[in-house]
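Here is a friendly note to read alongside the structure.

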Amino acid sequence: MNRQVEDYLEKLRCELSTLQELEREDIVRELEAHLRDCVEGGEDAAAVLLRLGEPATLAESYRESATIRRSSRSFSPFVLLRATLGLASQGVTALAVFAAGLLGYSFGLGLALTGVAKCIWPARTGAWLLHGQLIASGTQFYPPPPPAKELLGWWYVPLALISGGALLALTTGVIRTFLSWNRRAGRLRRGPRKLKSAAGLT
Amino acid sequence: MDSAQWESQLRKGALEMVVLAALWRTPLYGLEIIRTVERELALALSEGTVYPILSRLRADNSLTAQWVEAEAGHPRKYYALTDAGRQRLLAMVNTWDEFSRGVNRLLKLVEQKDASQ
């Protein structure tokens, strides 16, 4: 193996660092075998590397196929939302799940944060009632003046943290279910659907 | 979209089917798949497109991959169609047939209109 090839494969390894080691080494080993075959067949290694493309671009193509697989097992909001958005080009459902996910995460996080805010600005955070109706909740810059009455007191903190956390967990669960459902059903579903649109064309 | 970009998208769309078709009769390793497709289609394929496709097809169970030790030389990764892969390919071929027939019909209209002008 010449120096240029070794450098290339090393760069690719770095770019693929998010994949599992077994998967990554399998890819690198396969490309290494390919390069060796080409060079032994009289081809210039540099030309083959050029056809493989930049390590970053190649790694991106590999990752695309791995993203959905991996992310349906992930708990990170970032990974989950990105994978959902990646599917959005294939259907409205994914876009809807993405939007719902974004809402769920922001409300959940917002709610939990007001629980923390209650400890910092106790008078400005809470749930206020006026004549038996909820008129404001969360952290307010100008809390409603009396006769509005704050309802929860310090109970606000655990309630906000628990319900915010529950909302985050629910959002995560929904997206994960959607991703793994899409992974299992996607391939099967796409075949017949394409057939229909092709028939529509004729 | 310029025509080179369009051509590359067109090719990419068909490539998955073409790769599966190359494996219809016998398991092959990456380089053999590329050579087969290039020979049949008289078209230069870049490794950078083919290998990630192979990886994806394996991930969704259309292909299996196995390292095979050669008598002389180094081991190579052979890909073979699974039953699911065969089913998928057959469905793709159907889609392709219907689609290309429709497109050809449309293109005929384009030609006629052009001739009448």
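The points below go from the interface to the cavity.

1. A word on the source to begin with: this is a predicted model. Chain A and chain B meet through 27 residues of chain A and 31 residues of chain B. About 2600 Å² is buried between the two chains, and carbon and sulfur atoms give 58% of that area.

2. Now look for charges that pair up. There are 5 salt bridges between chain A and chain B. One to find on screen joins Arg76(B) to Asp37(A), with 2.7 Å between the closest N and O atoms. Polar contacts across the interface of chain A and chain B come to 10 residue pairs.

3. Which elements of chain A give two or more residues to the side that touches chain B? They are helix 2 (21-40), helix 3 (45-52), helix 4 (55-71) and helix 7 (156-201). Helix 2 of chain A has the largest share, at 10 residues. Sorted by class, this side of chain A holds 11 nonpolar, 5 polar and 11 charged residues.

4. Next, the cavity. The whole structure has 1 cavity of 30 Å³ or more, and the volume of the largest cavity is about 60 Å³. Its lining includes Glu30(A), His34(A) and Asp37(A) along with Tyr29(B), Tyr51(B) and Arg76(B). So the salt-bridge partners from point 2 turn up here again, if you apply the 4 Å lining cut-off.

5. Helix 2 of chain A gives the most to this lining, with 4 residues. Helix 2 (30-41) and strand 3 (76-81) of chain B also give two or more residues each. By class, the lining divides into 4 nonpolar, 2 polar and 4 charged residues.

How values were computed: Residues numbered from 1 in each chain as written. Chains lettered and ligands numbered in written order. Predicted model: local features only at pLDDT ≥ 70, side-chain atom pairs only at ≥ 80, totals over all residues. Heavy atoms only, no water. Contact = heavy atoms within 4.5 Å. Buried area = accessible area lost by both parts, 1.4 Å probe. Salt bridge = Lys/Arg side-chain N within 4 Å of Asp/Glu carboxyl O. Polar contact = N/O pair within 3.5 Å; in protein donor to acceptor, adjacent residues only side chain to side chain. Nonpolar A, V, L, I, M, F, W, Y, C, P; charged D, E, K, R; others polar. 1 Å grid on protein atoms, 1.4 Å probe; cavity = no way out; pocket = protein on both sides within 12 Å on 5 of 7 lines; lining within 4 Å. Points joined across faces, edges and corners; volume = space filled by probe spheres on them.
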